[in-house]
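Let's take a walk through a protein model together.

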Amino acid sequence: MALLTWSNKYSVGVKVLDNQHAAFLRMLNELHGAMMKGQAQAVVGPLLRKLVNYAREHFSTEERLMETAKYPGLAKHREEHRELTGKIAEFVGRFDRGEDSLNIHLLNFLRDWLNNHLREMDHEYEQWLHDHGIH
Ligand SMILES: [Fe+2]
Ligand SMILES: [Fe+2]
């Protein structure tokens, strides 16, 4: 069962960002699937790393668009991205050192964060970006 399924309620009305958000959900589900099957660290590790790199890439795309549109909420939004990136990096560090395994708490945390972030913060820039010609 998927951890989180993409639906239109997640749309932020900007094609490139919707595609990235959907890809991020797929990666999260993939990671969840691997964990549920009890796959080894050798499988989970690269999936986790892929997800983290993708999150970084997505955050920078999103921030670049907000910057282009001179979005007034950029600083606050960037701060939230930075906070999550830091938390995940900390976890990945522990995972790499073998101090931690991937667990359902982390996945639930990521799912909840994504769910809230998409529907609240990411949703807030939609109108502004549209008004500044970004679709
Ligand atoms: Fe965001
Ligand atoms: Fe986003």
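In which kind of crossing does α1 pass α4, left-handed or right-handed? Before we get to that, keep in mind that what you're looking at is a predicted model. Now for the crossing: it's left-handed. To find the pair on your screen, look for helix α1 at residues 15-36 and helix α4 at residues 104-124. Their axes sit 11 Å apart, and the two helices pack at an angle of about 165 degrees. Angles over 145 degrees count as roughly antiparallel, so α1 and α4 are roughly antiparallel to each other.

Which residues do the touching here? On the α1 side you'll find His21, Phe24, Leu28, Leu31, His32 and Met35, and on the α4 side Leu107, Leu110, Arg111, Leu114 and Leu118. Sort the residues of this contact by class and you get 8 nonpolar, 2 polar and 1 charged.

Helix α2 covers residues 41-68 and helix α3 covers residues 74-96. These two pack at about 165 degrees with their axes 11 Å apart, which makes α2 roughly antiparallel to α3. The crossing of α2 past α3 is left-handed. From α2, the contact draws on Gly45, Leu48, Val52, Ala55, Arg56, Phe59, Glu63, Met66 and Glu67. Facing them from α3 are Leu74, His77, Arg78, His81, Thr85, Ile88, Val92 and Phe95.

Lys70 isn't a glycine, yet its phi is positive, at about 50 degrees. Is Lys70 buried or exposed? It counts as exposed, because it has 9 C-beta neighbours inside 10 Å, and the exposed label goes to residues with 12 or fewer.

Now let's head for the inside. In soluble globular proteins, nonpolar side chains tend to be buried together. In this model, the largest nonpolar core has 12 residues: Leu3, Phe24, Leu25, Leu28, Leu31, Met35, Leu48, Ala55, Leu102, Leu110, Leu114 and Leu118. The elements that each supply two or more of them are α1, α2 and α4. Which element gives the most to this core? That's α1, with 5 residues.

Gly45 belongs to helix α2 and is partly exposed, because 15 other C-beta atoms lie within 10 Å. Its C-alpha atom is 9.4 Å from the C-alpha atom of Ser101, although Gly45 and Ser101 are 56 residues apart along the chain. Over in helix α3 you'll find Leu84. Leu84 has 16 C-beta neighbours inside 10 Å, so Leu84 counts as partly exposed. How many residues along the chain separate Leu84 and Trp113? They're 29 residues apart, while their C-alpha atoms are separated by 8.6 Å.

Definitions and conventions
Residues numbered from 1 in each chain as written. Chains lettered and ligands numbered in written order. Predicted model: local features only at pLDDT ≥ 70, side-chain atom pairs only at ≥ 80, totals over all residues. Axes fitted to C-alpha atoms, helices over the stretch in contact; angles between N-to-C directions. Helix = DSSP H or I, 4+ residues; strand = E, 2+ residues; numbered from the N terminus. Parallel < 35°, antiparallel > 145°, perpendicular 65-115°, else oblique. Left-handed = near helix turned anticlockwise from the far one by under 90°. Contact = placed C-beta atoms within 7 Å. Nonpolar A, V, L, I, M, F, W, Y, C, P; charged D, E, K, R; others polar. Core = buried A, V, L, I, M, F, W, Y, C linked by C-beta atoms within 7 Å. Buried ≥ 20, exposed ≤ 12 C-beta atoms within 10 Å, placed from the backbone.
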